[in-house]
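This report goes through one protein chain, part by part. Please keep the sequence and the 3D view open while reading.

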Amino acid sequence: MALSKKALGTAQWKRIRLSVLARDGWQCQYCGTHLDKSNAQVDHIESRVSGGSVFDQSNLLASCKTCNQRKGAKPLFFRAGS
């Protein structure tokens, strides 16, 4: 298992994840959907497989499950309000 995949299960990741969700107002930064426990994810703007930082909050944004899955490892594709 890749180090970055293991990192996502750590207490450090859980703290950072909640911090990013709060910073982004529990709103998907792609489509604007309100996030809750059932659909909240944190997306790596530069994917982990492309060398993006796992824990750097400037590489992270709140995303709904649908948008995060659609983006996958592709580069940032759009932002709400732009």
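## A salt bridge after a helix

Does Arg 23 count as buried, partly exposed or exposed, and what is its relative accessibility? Arg 23 has a relative accessibility of 41%, so it counts as partly exposed. The model is a predicted one, and these values are computed from it.

Arg 23 forms a salt bridge with Asp 24, and the closest N and O atoms of the pair are 2.9 Å apart. The count of salt bridges comes to one. Asp 24 has a relative accessibility of 13%. The cut-off for buried is under 20%, so Asp 24 counts as buried. The salt bridge therefore joins a partly exposed residue, Arg 23, to a buried one, Asp 24.

## The chain as a whole

The protein chain contains three helices and two strands. Along the sequence they come in the pattern α-α-β-β-α. The chain has 82 residues, and 34% of them are buried.

## Helix H2

Helix H2 covers residues 11-23. Its 13 residues should span 18 Å at 1.5 Å a residue, and its end C-alpha atoms are 18 Å apart, so the two values agree. The buried residues of H2 include Trp 13, Ile 16, Val 20 and Leu 21. Seen down the helix axis, the buried residues of H2 fall within an arc of 135 degrees, so they line one face of the helix.

Leu 18 and Val 42 are 24 residues apart in sequence, and their C-alpha atoms are 8.9 Å apart in space.

## After H2

Gly 25 follows H2 and has a positive phi, near 65 degrees. Trp 26 has a positive phi too, of about 50 degrees, although it is not a glycine. Most residues other than glycine have a negative phi. Trp 26 sits in the loop between H2 and strand S1, which covers 40-44. With a relative accessibility of 28%, Trp 26 counts as partly exposed.

## Ser 63 and Asn 68

Which residues does Ser 63 touch, not counting those up to four places away in sequence? They are Cys 28, Tyr 30, Leu 35, Asn 39, Ala 40, Gln 41, Asp 43 and Asn 68. Ser 63 is part of strand S2, residues 60-64. Its relative accessibility is 0%, so Ser 63 counts as buried.

Asn 68 belongs to helix H3, residues 65-71. Asn 68 is buried because its relative accessible area is 15%, and the cut-off is under 20%. A polar atom of the Ser 63 side chain lies 3.2 Å from the backbone nitrogen of Asn 68. The side chain of Asn 68 also makes a polar contact with the side chain of Gln 41, at 2.7 Å. Leaving aside neighbours within four places in sequence, Asn 68 is in contact with Gln 41, Val 42, Asp 43 and Ser 63.

Technical notes:
Residues numbered from 1 in each chain as written. Predicted model: local features only at pLDDT ≥ 70, side-chain atom pairs only at ≥ 80, totals over all residues. Heavy atoms only, no water. Helix = DSSP H or I, 4+ residues; strand = E, 2+ residues; numbered from the N terminus. Buried < 20%, exposed > 50% of the residue type's maximum accessible area, 1.4 Å probe, protein only. Salt bridge = Lys/Arg side-chain N within 4 Å of Asp/Glu carboxyl O. Polar contact = N/O pair within 3.5 Å; in protein donor to acceptor, adjacent residues only side chain to side chain. Contact = heavy atoms within 4.5 Å. Expected span 1.5 Å × (residues − 1). Arc of directions from axis to C-beta.
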